[in-house]
Amino acid sequence: MPPAKYTGRKVLRKEDPRLLTGKGQFVDDMHLPNTAHMALLRSPHAHAIIRTLDASRARALDGVLEILTGPEIRDKLNMLPSAAALPDLRIPDHYVLAVNRVRYSGEPVAAVVAETPYIARDALDLIDVDYVPLPVVLDPEKALEKDSPVIYEEWKSNLAGTMQLVSGDIEAAFRKADRVVKGRLLNQRVIPVAMEPRAVQASYQPGEKMLTVWSTTQIPHTLRSEIARLLKIADNRIRVLALDVGGAFGSKLNVYPEEGLVPYLAMRLERPVKWVETRRENMLATIHGRDQINYVELALTNDGRILGLRVRVIVDVGAYLQMLTALIPTLTAIMSPGCYKMLAFSFEMKEVFTNKMATDAYRGAGRPEATFLVERAMDLAAAELKMDPAEIRRRNFIKPASFPYTTRTGLIYDSGNYDKALKKALDLAGYTQLRRKQAQLRKQGKIMGIGLATYVEICAMGPARAFAAGGGWESAAVRVEPSGKVTVLSGASPHGQGEETTFAQITADELSVPFDDVAVIHGDTQAVPHGIGTFGSRTTAVGGTAVYMSAQKVKKKMTELAAHLLEINPKNVVWRDGKIVAKTNPKKFTTFQEVVRAAYSAKNLPPGMEPGLDATSYFSPQNFTFPFGTHICVVEIDPETGEVAIVKYVAVDDCGRVINPMMVEGQVHGGIAQGIGQALYEEAVYNEDGQLLTGELMDYVVPKADQLPTYILDRTETPTTVNPLGVKGVGEAGTIGSTPAVVSAVVDALAPYGVRNLDMPLKPEKIWRILRAKTSHRGTGTQR
Amino acid sequence: MHRIKVTINGKEYEQEVEPRLLLVHFIREKARLTGTHVGCDTGNCGACTILFNGKLIKSCLTLAVQANHAQITTIEGLAANGLHPVQDAFLEKFGLQCGYCTPGMILNACYLLQSNPQPSEAEIREALEGNLCMCTGYQHIIDAIRYAAERMKQSGTVQL
Ligand code: FES
Ligand code: FES
């Protein structure tokens with residue numbers, strides 16, 4: 001670890017002055033002269049044959065420059081990418097514009113380019129499409145039945161792929177069990193809703209044969225490779241920029257039709273072309289998240305020890321496979337055992353096509369589902385055994401001395417102390433008093449509940465061998481400029497996380513330069529070494545390590561050069577207050593600036609040393625990291641309306657070493673809010689025709705300031721040895737811990753009404769019905 | 001086409017516009033002030049929030065022609081140099097992450113503090129109801145607004 005003048009401290013962000021004054025550079029803020037504007041005609045049907053498409057009226061409209069349809073360009077652009085994440089995965093043809101058939105409401109059918117965005121949209125209304133509607137497939141369980149209509153006739157079923165993971169003797173575990181608890185848990189489909197919708201702009205210089213693309217992406221380099229493949233051109237003729245990006249949460253970790261169409265059109269028209277997504281398009285046709293049905297069974301002894309966990313999962317993947325659609329649920333598989341020891345584990349998954357938008361990575365991406373299913377199962381077990389929910393978890397935790405711990409699913413948890421985080425959270429919440437208060441309130445007829453979730457998650461994606469396509473590393477270059485200022489170039493692509501700041505903290509400490517002297521550049525494939533991007537809570541742990549390694553290399557070179565200038569052995573110099581000093585004689589020193597000058601003048605270098613002062617590193621971690629923690633939620637329910645108010649929220653998270661506590665706090669806050677959103681409010685609702693009813697922010701409820709509590713946060717700090725910074729990652733922790741904690745609290749509140757489980761979102765109406773019925777549903781059944 | 005005259009941040013813009021042009025597009029495309037953002041089609045997100053003749057409005061729900069002769073303040077016009085105390089408080093208390101909701105949030109906060117210089121937490125939460133933030137979970141935004149209120153009280157400035 002570098003000495004800590006900046007690292008580990010609250011340092012204000014470099015990003016913020018521009019963002020606070022409206023001087024950010026989001027894609028739509030770029031105005032290139034002579035820009036033409038693209039708009040997409042999208043299918044109004046969830047499933048239909050396109051019999052005819054006539055764009056002649058649209059073409060005749062003044063200001064329309066070009067109209068593309070699927071059949072016209074099917075041979076000109078390659079298909080959109082999808083990771084072959086399962087051995088038996090069926091990957092559908094996924095054209096940038098639908099060819100002859102549409103499979104979800106919102107699928108792009110034609111592209112219009114016009115002089116203004118308003119004209120482009122007018123033209124959409126003039127395209128005449130004759131659709132023949134087909135039966136729609138919406139329920140993923142019914143979709144697997146024999147008589148269900150099929151979306152891909154060639155496969156004769158709607159099954160997209162399967163996965164099985166069995167470890168230990170699962171049958172024996174259930175035979176030996178004193179008790180078995182079961183549940184059907186629904187992890188509903190949600191929509192990521194990054195505040196900035198997606199946007200793409202491209203311009204082409206025919207002379208240089210250079211295509212420049214600005215996109216709201218989390219993965220500029222992958223996108224560059226994919227644009228090269230889509231357009232069948234060389235990657236070194238493409239520059240992708242992702243400057244300021246207004247949030248993503250996984251929704252911009254993908255390759256979308258517009259990222260092929262806009263560059264293609266810019267080349268074809270030799271004019272800059274821009275497309276900006278409307279919110280409605282964002283809800284319809286940017287990836288959705290979650291959407292799993294989990295059947296869980298937990299085999300237990302009478303004293304609350306887990307013998308086995310059996311999970312059967314149905315995943316509604318939607319109509320097409322986006323880049324990581326099929327992969328995300330495999331993370332659910334490997335993380336389902338959570339923080340607990342068990343003798344046996346079995347996971348059986350079916351991914352199913354339906355006539356909806358594809359699901360893919362949404363904050364947490366597979367892990368929230370895992371944590372939700374195992375934590376809900378633990379609550380069911382606690383209720384069944386009349387045991388305190390904290391106690392049953394404690395009994396089954398993997399013990400601190402067992403790390404590194406090989407799980408039933410073959411992962412190696414790097415480090416952890418689950419009990420410590422749990423205890424800290426219980427203390428902070430005043431758990432014992434809360435339970436006492438609950439008993440009193442219940443006597444007064446008040447409805448109050450206390451919920452708890454302990455989690456472990458998988459971060460810092462990740463070792464290259466863990467992914468079919470490899471990758472998983474990150475790049476960074478550190479350059480001391482002739483002026484002595486420092487430039488950091490990162491292959492990661494933060495979009496709100498703030499690594500311009502954390503990377504500068506790491507570099508400033510390592511090179512003993514002022515924080516303000518460090519500039520961090522990312523999101524420009526022309527400027528930075530080939531990299532991977534920002535997702536999976538990896539940027540500081542993996543990208544930050546690459547920065548640290550490069551800074552170390554530069555420091556080593558400067559040390560050697562300083563020693564040469566001082567005519568002593570490099571072992572005998574130390575860095576002190578901007579000077580590089582002889583250990584034995586403090587009067588004998590050189591300065592940072594002198595060494596920089598020497599490196600660039602190159603007149604007096606040690607033999608074999610090259611001029612210049614920069615270094616590039618690629619950090620490829622050998623394992624994931626496994627952050628963990630405990631979230632506690634206290635709710636009160638209004639008996640008249642069924643409305644849930646969160647009256648207390650405590651989170652203790654352990655993300656290893658912390659570079660900037662202010663930013664870690666911010667990540668946890670935002671994550672909790674999104675997790676609460678899923679628990680209480682959010683749900684993508686399709687009607688029986690496959691129309692998205694929650695297609696605007698009018699109908700899709702994301703939490704507002706007055707619906708959220710004040711979060712009380714604390715941390716434990718268990719470093720990892722997976723990377724030299726000891727950082728684990730924190731981007732998704734809040735989302736993972738909060739959803740089960742909130743549901744747990746609401747179910748706990750309603751326990752006197754016989755409720756043991758409820759399907760999200762826990763909207764007032766659902767709860768009001770339970771309160772009104774006042775019937776007891778004793779047993780482990782799910783209220784639906 | 002209609003000829004309109006709009007004053008934005010003290011500068012006058014005179015242009016021919018289509019009657020259907022949204023004010024937010026006038027601000028972004030014609031005046032080239034891109035700090036005012038667009039996050040929805042329906043007036044729900046607040047990313048396009050501006051001050052219009054001293055009142056808080058959503059510029060995606062207003063036509064440019066309605067702004068004829070109006071005085072508008074956008075995020076770019078809040079401070080001539082450096083940062084307005086509310087911007088400074090957002091910096092200090094980390095009231096932003098991706099920054100997309102931020103201009104709207106800040107204008108909302110300025111408007112709130114003008115009418116209610118010492119708001120309670122509940123009042124702040126209620127005032128922010130029309131501005132969505134998906135990154136921060138709002139807590140640091142609320143901290144920032146309280147901090148701004150405190151600082152403005154100390155310095156005796158409630159300026160816009
Ligand atoms: S853009 Fe105006 S409220 Fe969303
Ligand atoms: S900071 Fe990203 S939406 Fe508020």
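Predicted model: local features only at pLDDT ≥ 70, side-chain atom pairs only at ≥ 80, totals over all residues.

The axes of helix α2 (residues 85–93) of chain B and helix α3 (residues 102–115) of chain B come within 9 Å and cross at roughly 125°. An angle of that kind makes α2(B) oblique to α3(B), and the crossing in which α2(B) passes α3(B) is right-handed. Where the two helices meet, B:Val86, B:Gln87 and B:Phe90 in α2(B) are in contact with residues of α3(B), among them B:Met105, B:Ile106 and B:Leu113.

Turning to chain A, we can follow an open sheet of seven strands, whose order is β3-β5-β1-β12-β9-β10-β11 and whose pairing is mixed. At its edges are β3 (64–69) and β11 (238–241) of chain A, each of which pairs on one side only. On average, neighbouring strands of this sheet are turned by 20° against each other, direction ignored. Within the sheet, strand β1 (residues 36–42) of chain A and strand β12 (residues 273–276) of chain A pair in the parallel sense over two bridges, with A:His37 standing opposite A:Lys274 in β12(A). Helix α7 (residues 257–269) of chain A packs on the sheet, where it touches strands including β1, β9 (199–205) and β12 of chain A, and its direction makes about 30° with that of β9(A). Helix α4 (residues 117–124) of chain A lies across β1, β3 and β5 (108–114) of chain A, running at about 25° to β1(A).

Another open sheet in chain A has four strands in the order β21-β20-β19-β25, again with mixed pairing. Because β21 (518–522) and β25 of chain A stand at the edges and have a single partner strand each, one side of each is left without a neighbour in the sheet. Neighbouring strands of this sheet are turned by 15° against each other on average, direction ignored. The pairing of β19(A) with β25(A) is antiparallel and extends over six bridges, and one detail to find there is that A:Ala477 has A:Thr616 in β25(A) as its bridge partner. A helix accompanies these strands: α15(A) lies across β19, β20 (486–490) and β25 of chain A, running at about 145° to β25(A).

Which length should we expect for helix α10 (residues 367–385) of chain A, given 1.5 Å a residue? Its 19 residues should span 27 Å, and since its end C-alpha atoms are 27 Å apart, the expectation and the model agree. This helix, α10(A), is mostly covered, with 17 of its 19 residues buried, and it is followed by A:Lys386, whose phi is positive, near 50°.

Most residues other than glycine have a negative phi, and most peptide bonds are trans. Against that background, A:Glu567 has a positive phi near 60°; A:Glu567 is placed in the loop between α15 (539–566) and β22 (573–576) of chain A, and it counts as exposed because its relative accessibility is 71%. A:Ala602, likewise not a glycine, has a positive phi of about 60° and belongs to the loop between α16 (592–601) and β25 (614–619) of chain A. With a relative accessibility of 32%, A:Ala602 counts as partly exposed.

A cis peptide bond, with omega about -5°, joins A:Phe403 and A:Pro404, and A:Pro404 lies in the loop between α11 (389–396) and β16 (405–406) of chain A. The bond from A:Met760 to A:Pro761 is also cis, with omega near -10°, and A:Pro761 is found in the loop between α18 (733–749) and α19 (764–773) of chain A.

Note on methods: Residues numbered from 1 in each chain as written. Chains lettered and ligands numbered in written order. Heavy atoms only, no water. Expected span 1.5 Å × (residues − 1). Buried < 20%, exposed > 50% of the residue type's maximum accessible area, 1.4 Å probe, protein only. Axes fitted to C-alpha atoms, helices over the stretch in contact; angles between N-to-C directions. Parallel < 35°, antiparallel > 145°, perpendicular 65-115°, else oblique. Left-handed = near helix turned anticlockwise from the far one by under 90°. Contact = heavy atoms within 4.5 Å. Pairing = 2+ DSSP bridges.
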